[in-house]
Amino acid sequence: MTRLRVHPVKPATARVVPLTVTGSERLSPHVQRVTLSGAGEIAPLGFDQWFRALVRRPGQTELHLLKDVGLVSYVRYVTLPETVRPLLRNYTVRELRGDELDVDVVVHGEVSPTEASFASWAVHVKPGDPAAVLDEGRIWNPPADTDSVLVVSDESGLPAVAGICRDLPRDVRGTVILELPSAEDAQDLEAPDGVTVQLVVRTDAHARPGVAALAALGAATLPDGVPYVFAIGEQALATGARRDVVARGVPKEHVSFCGYWKYGARASR
């Protein structure tokens, strides 16, 4: 995950929180939702709040957690053999309801239970299985002089888009461009009345994610005034959206962009 904004909103404290799986269900062709309990210690920050998730690899019987969140602990973690080292990936909070945390994981095609990936974990996990998260806060942080919003994302950013739409002030105006692999993957987004949501569905299953969203952005008129632009998803989508809006006059300090994953490599979301 490439984080490129320099002023994120961080949690007051950072610690690894142990959780327990209570359920997992396929919401749509490409989205698997896992519900975890024990999240009461995580302070809700809303919008695109994200975390580092730790789960067992296939064949592991225990979940070995980081003892602390410092550099030394992380170095020890990455040098552990895969027989004991858990999977570590970055995900966005889909919903935080008191003690419960929902996590939506993108799944493309069939995944084997022996595959060391979060997609495989999400599909094959059982109630009672352990997990853990390290809250990292949120990237969404508009400057005070923002007049409107523009959000551009692929399916890996759907939880963040949903959280942003839910938590935006109800009088804000703007545009959301969301690219999905199928129309069936669309979710109800609680966007304010003044925010237009444009869904872009990929018609070619083999097309590079983000290309259609960038094309839609190029054809779109930017919101009035000085917008806050938030571009997330495949790396080329995030950087391409930033390049597009800056060339059209949006100040760089009004653009947050984050490459969640890189096409051709293992996704982090």
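Helices (H or I, at least four residues) and strands (E, at least two) are DSSP runs, numbered from the N terminus. By this scheme, Y74 lies in helix α1 (residues 71-78). The structure is a predicted model, in which local features need pLDDT of at least 70, side-chain atom pairs count only at pLDDT 80 or more, and totals for chains, interfaces and linings use all residues. Residues are numbered from 1 along each chain as its sequence is written, and side-chain values use heavy atoms, with hydrogens and water left out.

**Nonpolar cores**

- A nonpolar core is a set of buried Ala, Val, Leu, Ile, Met, Phe, Trp, Tyr and Cys residues joined through side-chain atoms within 4.5 Å; buried means under 20% relative accessible area, exposed over 50%, and partly exposed in between (1.4 Å probe, protein chains only).
- The largest nonpolar core has 26 residues, of which W140, L168 and F230 touch the most other members.
- Two or more residues of this core come from each of β9 (148-153), α3 (158-167), β10 (174-180), β12 (227-234) and β13 (255-261), and α3 gives the most, with six residues.
- Leaving aside residues up to four places away in sequence, F230 is in contact (heavy atoms within 4.5 Å) with D48, I139, W140, L150, V151, V152, I164 and S256.
- A second, separate core of 23 residues includes F51, A53, V55 and A122.

**Helix α3**

- Helix α3 is largely enclosed by the rest of the structure, because eight of its 10 residues are buried.
- The buried residues in α3 are L158, P159, A160, V161, A162, G163, I164 and C165.
- These buried residues of α3 pack against β5 (87-92), β7 (100-106), β9, β10, β12 and β13.

**Cysteines**

- A search of the whole structure finds zero disulfides, a disulfide being a pair of cysteine sulfur atoms within 2.5 Å.
- C165 is in no disulfide, and the nearest cysteine sulfur, that of C258, is 17 Å away.
- C165 counts as buried at 0% relative accessibility, and C258 counts as buried at 1%.

**Salt bridges**

- The structure holds 16 salt bridges, each defined as a side-chain nitrogen of Lys or Arg within 4 Å of a carboxyl oxygen of Asp or Glu.
- One of them joins the side chains of E136 and K10 (2.8 Å, N to O). This pair links distant parts of the chain, 126 residues apart: E136 is in strand β8 (residues 130-137), and K10 is in the loop between β1 (2-3) and β2 (16-28).
- E136 counts as buried at 12% relative accessibility, whereas K10 counts as partly exposed at 47%.
- E82 and R85 form a salt bridge whose closest N and O atoms are 3.7 Å apart; E82 counts as exposed at 51% relative accessibility, and R85 counts as buried at 14%.
- R97 and E100 form a salt bridge with their closest N and O atoms 2.8 Å apart; R97 is partly exposed at 36% relative accessible area, and E100 is partly exposed at 30%.

**Surface patch**

- L71, Y74, V75 and V78 make a nonpolar surface patch of about 380 Å². Patches are made of residues with over 30% relative accessible area and no salt bridge, with like charges joined within 9 Å and nonpolar side chains (Val, Leu, Ile, Met, Phe, Trp, Tyr) within 5 Å.
- Accessible areas come from the Shrake-Rupley method with a 1.4 Å probe; for residues, only the protein chains shown count as cover.
- Within this patch, Y74 is partly exposed, with a relative accessible area of 41%.
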